[in-house]
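Here are my notes on this one, jotted down as numbered points. Have the model open while you read.

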Amino acid sequence: MADNIYNSLIAEFQQAASFDDYKNAYMLYDLRHGSSKGREWKASVFFVLAVGAVWYASVQHFRLNELIMPALVLVISVYMCVYYLFIVPSRSANRAERIYKSSWYISREKQYKFYRDNFTYKNEYEYQKRYYTEIYDCIETKDTFILIGGLENSLTVIDKRQLDPKQREALSSHFRSEMIRQYRNTEGKRK
Amino acid sequence: MSAMEKALFEATFLITKEDIINMNTDRERLSVSGKKKIALYAAGVAAICAGVLLLLNFRDSLYHAICWSLLILIGLYCISYYEVISPALTRAQSSRFYEVFKSSIHSRTIRIYAEKIDIISEERKIRLPHENIHSIAEGKNTVLIYTDESNFCFVPKRVLDEGILEKIRKIKN
């Protein structure tokens with residue numbers, strides 16, 4: 001889309017996504033929209049079930065014939081707590097690593113252009129235009145901007161450290177104003 | 001992209017709601033391994049059998065009856081998860097996604113060359129040399145061309161003929 005007064009250019013730069021940035025971004029994406037979503041409250045539910053099973057067994061004075069179901073519930077609940085708190089994040093990190101290392105496209109340098117209504121990135125092999133209306137999550141961390149949305153390739157990671165301070169501030173304030181509902185700043189209070 | 005190179009196949013199509021639903025259900029179905037499905041199915045059958053046996057032989061109290069009935073329900077849930085529950089949830093989510101984003105979904109052109117695949121739309125252009133394609137997965141209604149383990153482009157099978165489908169299958173074989 002050409003620059004014009006109705007869709008002005010906010011920032012333009014060239015960069016490639018590093019492995020660490022991609023991995024952290026993917027884990028955040030997974031936590032908010034993927035298989036890690038809600039893992040803390042799910043682990044809490046199973047923790048409560050485990051405590052309930054122990055309490056029930058104690059109320060029954062640990063009688064053997066009353067212990068089968070509580071024991072089953074306890075074992076499953078403890079396993080599920082461990083699963084959600086430790087196994088799921090570890091799997092997410094491993095998946096991010098496999099995706100980054102298996103992709104020929106993610107680590108390639110791209111030319112980014114952020115306009116008022118949309119952004120584009122392109123290189124020799126790929127061109128993508130995305131409207132902010134397609135973005136359902138915009139997360140600003142200490143080091144990155146993470147844009148999540150779109151039909152097929154939904155994760156865009158921008159390294160803030162490779163931008164100059166003016167570009168960083170321009171993008172940050174633009175995302176805050178354009179994507180009011182979707183914008184999150186993990187560093188502190190949402191402005 | 002060389003204008004002189006002749007494409008073996010070219011098709012332009014509009015992505016419909018049914019295409020989005022089919023893409024997500026196929027992707028869901030293909031992402032689950034056979035072993036996982038069998039394990040869940042076996043667990044479901046075991047839970048139902050155990051529940052029925054316990055219900056017939058040990059229903060001396062309401063509490064026990066409820067426990068064994070719950071076990072049977074869990075078994076039924078496990079058996080029907082991948083065939084009924086998950087596809088239904090995916091269909092509903094895909095429908096909602098299409099309704100929200102349909103104004104930004106445009107028509108798409110796929111061009112298949114001897115050494116690469118080009119996919120072109122207003123919002124996306126990607127050149128996929130065969131050696132850069134991670135894998136190709138074929139579902140019931142969709143072909144998914146993966147650029148890595150997670151990201152992909154999809155083509156509905158309705159726009160492909162059997163000849164070109166055969167060529168696509170051979171790319172990663």
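1. Start with Arg91(B) and Glu18(B): their side chains form a salt bridge, with N to O at 3.4 Å. Keep in mind that this is a predicted model. The count of salt bridges between domain 1 and domain 2 of chain B comes to 2.

2. On the domains themselves, the assignment for chain B puts 9-19 + 103-171 in domain 1 and 31-101 in domain 2. The C-alpha centres of the two domains are 35 Å apart.

3. How many residues are in contact across this boundary? From domain 1 of chain B there are 7, and they touch 5 from domain 2 of chain B. Together the two domains bury about 540 Å², with 51% of that on carbon and sulfur atoms. On the domain 1 side, Lys17(B), Glu18(B) and Ile105(B) account for 72% of the area buried against domain 2, more than any other three residues.

4. Now for the second largest pocket, which has a volume of about 240 Å³. Its lining takes in 13 residues, and Asn65(A), Ile68(A), Phe58(B), His64(B) and Trp68(B) lie nearest the centre. Helix H3 (68-102) of chain A and helix H3 (62-101) of chain B are the elements giving two or more residues to that lining.

5. What is the make-up of the lining of this second largest pocket? It splits into 9 nonpolar, 2 polar and 2 charged residues.

Note on methods. Residues numbered from 1 in each chain as written. Chains lettered and ligands numbered in written order. Predicted model: local features only at pLDDT ≥ 70, side-chain atom pairs only at ≥ 80, totals over all residues. Heavy atoms only, no water. 1 Å grid on protein atoms, 1.4 Å probe; cavity = no way out; pocket = protein on both sides within 12 Å on 5 of 7 lines; lining within 4 Å. Points joined across faces, edges and corners; volume = space filled by probe spheres on them. Helix = DSSP H or I, 4+ residues; strand = E, 2+ residues; numbered from the N terminus. Nonpolar A, V, L, I, M, F, W, Y, C, P; charged D, E, K, R; others polar. Domains from an automatic or database assignment. Contact = heavy atoms within 4.5 Å. Buried area = accessible area lost by both parts, 1.4 Å probe. Salt bridge = Lys/Arg side-chain N within 4 Å of Asp/Glu carboxyl O.
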